[in-house]
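The following report takes up pockets, cavities, an aromatic pair and a helix contact in turn. The cut-offs behind each term are given where the term is used.

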Amino acid sequence: MSKKIIINGTIITMDAQNTLIKKGAIAFEDGQITFVGETPNDLSRYDEVIDVDGDYVLPGLVNTHGHASMSLLRGYADDLPLQQWLEEKMWPIEATYTRDHAKWGTYLSIIEMLRTGTTTFVDMYDNMDEVAMAVDAAGVRARLCRGMIGFGSDELRQSKLEEASNFVQNWNNQANGRITTMMSPHSPYTCGPDFIEKIVSKAVELNSPLHIHMSETQSEVELNEREYGERPVKHLEKLGMFHQPTLVAHAVHVEDWEMDILAKYDVKVSNNIISNLKLASGIASVPEMLKKGITVSLGTDSSASNNNLDLFEELKQVALLYKGVHNDATLIPADKALQMATIHGAEAIWLDDQIGSLEVGKQADLIVINTKQAFYQPVHNPISHLVYSGSGRDVKDVYVQGKQVVKNGECITIDEEKVIFEVNRLSQEF
C-alpha cells in the first residue's frame, strides 16, 4: 500500500500524556500509523502528502452502544417513558423488521456516524449478518453482537443462542480485523437467570466479551428486586457475568456499593446521556464512577431515542450536565470528555491496543476537523474548542485503517442517495 502523510495539522493524539502537536504530521502505511510528530522537512518518501493547513487531526470517535438498524424509527415515537416507548411502540414495529430493514437502517446509521467522526461503533440487534456486511462494505469498524431477548419458548431461546454463537464464530476478526464480536443478553429484565447463565457459559467457551443493558430505569431495578431479590449489579455478579469481560450500557441507577462491584471486576460502562435524558431514565453517576476507576465511555443508543448519532453532542453534554447538577465547574473537564469518546471508548471494547489514540503502531483511524470557522477562533485551546464549540458537522475527512471513507464531508464508500431512497421506501410500510 502507498505511504501517506498528513502534514501541518494540529495533532490531538489522546495518548497517555495528552500530547498536542502544532504544525504536526501523522504518517500511515498498510493501515497502521508509522509516524506522529512535527511535520518533517523531507517528504520525498511518501506517495501521498495531504496538507490540512492547521486543521485538527484526532482519533476517530468510539460509540460504545447503539442499534444501527433502528434509524428507520427516528421520530416514529418520541416523548414517552422507556417501558411505554418499548412495549407499545418499538417492540411491535420491530417484530415486523426484515433483513432489508436491517440492511438499509444500518447503512443510514453508518453514513451518519462516519460523517460526524465516529469510526468505531458497538451494535446490539438481530439480523446481524446484514449489519456486519454493511460494516464490511462501508469500511467502518464495529464490535457487533446479536442481542437476545429471552421471552418465548425454550426452543426460541435456544435458537437465538445458536444464532448469536454462530455470529461470533463467523464474524470475529473479519473485514480485515475491523469487525469484532460479543455475546449479548438484552437485559436482566428480558432474560431469565437460566438464559443469562447459558449465554455467559457460551461466551466463556467462545472467549467472547459480553454486552448488556443494565439499570437503565428505576422501575427496572425495582422489578429485578421483586423477581430475584437483588438489584441488577448483584444479580449479574451472582450469575457469573462479570467474570467474563463485560460492557454494560446505561448503569443509570447504581448505588455506591454497586459501583464497587463494577470496579472490582473492571466492568466497562457506556454512558448514553442524551438518550437517558430524552426517555427520562435518569442521570448516571459518572463522576463517582470515574473516582472509583471505572472505565466510562460514551454511546448514543439508537437514533429512535436520541435522535441522532453525533457523538460530539454526547461529548458536550457529558462535559456540561454534571457541572450543573453538582454545582461544580471542575467536574468532567473537556479533556476527560474527549477521552471518554476516544481512548476510554477503545478501552471499553478492549481495542485500546489498536485504536483510541494516535500513536505509532496503532490503526490509522482518524478524523480531520475543519477549523476554518469563526467558532474555532481564537486558538487558545483546541480540546476546549472541540468539546464546547464544535460539532460532528465540522468533520471534514475520515480515515479507517488508513483508507479514506469521508472526503470533504461526503461519505465516499456508500451511495448515500440510494440509502436515503431505500429507507424512505421502507419507512412508508410502517
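## Second largest pocket

Which residues line the second largest pocket? Its lining consists of R74, E112, R115, T116, N308, D310, G392 and R393, and about 160 Å³ of space lies in it. By class, this lining has no nonpolar, 3 polar and 5 charged residues, where Ala, Val, Leu, Ile, Met, Phe, Trp, Tyr, Cys and Pro count as nonpolar, Asp, Glu, Lys and Arg as charged, and the others, Gly among them, as polar.

The model is predicted, local features need pLDDT of at least 70 and side-chain atom pairs count only at pLDDT 80 or more, while totals for chains, interfaces and linings use all residues. Residues are numbered from 1 along each chain as its sequence is written, and side-chain values use heavy atoms, with hydrogens and water left out.

## Largest pocket

About 630 Å³ of space lies in the largest pocket, a pocket being, on a 1 Å grid over the protein atoms alone, an open set of points with protein on both sides within 12 Å along at least five of seven lines, and lining residues having an atom within 4 Å of a point. Of the 29 lining residues, W91, E94, Y125, I149 and H186 lie nearest the centre. Helix α1 provides the largest share of this lining, 6 residues, and the lining as a whole has 15 nonpolar, 8 polar and 6 charged residues.

## Largest cavity

The structure holds 2 cavities of 30 Å³ or more, a cavity being a set of grid points where a 1.4 Å probe fits but cannot get out. The largest has a volume of about 50 Å³, and its lining divides into 5 nonpolar, 5 polar and 2 charged residues. Strand β7 (residues 118-125) gives the most to that lining, with 3 residues.

## Aromatic pair

The count comes to 8 aromatic pairs, taking rings of Phe, Tyr and Trp (its six-membered ring) with centres within 6.5 Å, and calling planes under 30 degrees apart stacked, over 60 edge-to-face and the rest tilted. The rings of W91 and F151 have centres 6.1 Å apart and planes at 80 degrees, so this pair is edge-to-face.

## Helix contact

The axes of α12 (residues 334-341) and α14 (residues 382-389) come within 9 Å and cross at roughly 70 degrees, which makes α12 roughly perpendicular to α14 (65 to 115 degrees; under 35 is roughly parallel, over 145 roughly antiparallel and the rest oblique). In this contact (heavy atoms within 4.5 Å), A334, D335, A337 and L338 in α12 meet I383, S384, L386, V387 and Y388 in α14.

Terms used. Axes fitted to C-alpha atoms, helices over the stretch in contact; angles between N-to-C directions. Helix = DSSP H or I, 4+ residues; strand = E, 2+ residues; numbered from the N terminus. Points joined across faces, edges and corners; volume = space filled by probe spheres on them.
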